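I opened a notebook on this model today. These are my entries, in the order I looked things up.

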Amino acid sequence: MNSHTTDHEHEHDHTVFQKDIPEPKEDWEFLEIAIRELLIEKNVLSAREIQDEIEAWEKKNPEKGAEIIARSWVDDDFKNRLLNDGNKAVAELGFTVESLKLVALENTDELHHMVVCTLCSCYPRTLLGVPPLWYKSREYRSRAVREPRAVLREFGTTIPDSVEIRVVDSTADCRYLVIPKRPANTEKMSEAELVKLITRDSMIGTAEALDQDGQRS
Amino acid sequence: MTTRLISDLGGLPAGSIDRSEHEPTMTERRIDAMMILLRAKPRSFWVSDENRRTIESLEPTTYAESAYYERWVLAMKSLLLEKGILTEAELDEKVSEVRSRKQLAKI
């Protein structure tokens, strides 16, 4: 986002750069401006608060979830606590999932979990950041519960037929976090190295964790 | 005969999943931020269930054709009116003012 302030090596025309900020075209974009300006004028919200909230959002990313998963891979006791009471376990690592129940689900050689929110877009944002567009799409929401294997194939993820696939549907009060299977030959890797193998999609269950070389298996 | 809710998509036939991603626009970020602030303490103007209720009661065609954050801003508008935080008249006036201002800026 900040290439403008951090990358001054290349030459660019600042006038043209400003035009990259798109002008509102749609009714709803004008509506957003109107609501925001009114709320600020009436002292319901301040511009500063909105800006701070946007910055707070940008700090949320899947890395937090990955730290939790990496810990569960190296510490069985932690994993059991995570499976037992997600909220309490992630609090040990300094994460809070406010007023929602956090349920961790472990993928094994026999069982693969995949998360969807068929009714809207419920997602563990505090741990994984903002959901990807496809998670909120009509297609994913419709198909994930009916033909998960076909959906997984579209994601390039092949789960053997012998493995049961369990699709869980999020609710407004409950968020799921998938613990992907720890890849083979990673026994000697540090927790920090393991974090890099744990992708956002592997914690949604539409992919597996990366292999020991950081490649998709 | 039951009438399925517009939001109740689970199990319906649908096409392939477009997995392209995009950086959220400023408009989307601001809608998201305002929604969080209005719902969170200390304001607590509404709870997430009310947010869902307003999204789910959008006109079916609006729901189907609108962008994700478009649905959010429409829901935010109904809740702000419903809770008496803004009035329809002041909002209409503001929208036209913003439109003419942005139009002038282009000339």
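I began with confidence: pLDDT is the predictor's confidence in each residue, from 0 to 100. Chain B averages a pLDDT of 92, and 96% of its residues score at least 70. For the complex, I noted an ipTM of 0.93 and a pTM of 0.85 from the predictor.

Ground rules next. This is a predicted model, where local features need pLDDT of at least 70, side-chain atom pairs count only at pLDDT 80 or more, and totals for chains, interfaces and linings use all residues. Residues are numbered from 1 along each chain as its sequence is written, while chains are lettered from A and ligands numbered from 1 in the order in which they are written.

**Chain A overall.** I counted 12 helices and four strands in chain A. Helices (H or I, at least four residues) and strands (E, at least two) are DSSP runs, numbered from the N terminus. The C-alpha atoms fill a box of roughly 55 × 45 × 35 Å along the principal axes. Of the 217 residues of chain A, 33% are buried. Buried means that 20 or more other C-beta atoms, placed from the backbone, lie within 10 Å of the residue's own.

**Helix H3(A).** I looked at residues 27-41 of chain A, which form helix H3. These 15 residues reach 21 Å from first C-alpha to last, close to the 21 Å expected at 1.5 Å a residue. The expected span is 1.5 Å times one less than the number of residues. Its buried residues include Phe30(A), Leu31(A), Ile35(A) and Arg36(A). Just after H3(A), Asn43(A) takes a positive phi of about 55°.

**Ile179(A).** Is Ile179(A) buried or exposed? Ile179(A) counts as buried because it has 24 C-beta neighbours inside 10 Å. I placed Ile179(A) in strand S4(A), residues 174-179. Beyond its neighbours within four places in sequence, its contacts include Ile69(A), Ala104(A) and Leu105(A). Contact means C-beta atoms, placed from the backbone, within 7 Å.

**Where the chains meet.** I found 43 residues from chain A and 45 residues from chain B in the contact. On the side of chain B that touches chain A, helices H1, H2, H4 and H5 of chain B each supply at least two residues. H1(B) gives the most, with nine residues. That side divides into 21 nonpolar, nine polar and 15 charged residues. Here Ala, Val, Leu, Ile, Met, Phe, Trp, Tyr, Cys and Pro count as nonpolar, Asp, Glu, Lys and Arg as charged, and the others, Gly among them, as polar.

Terms used
Buried ≥ 20, exposed ≤ 12 C-beta atoms within 10 Å, placed from the backbone. Contact = placed C-beta atoms within 7 Å.
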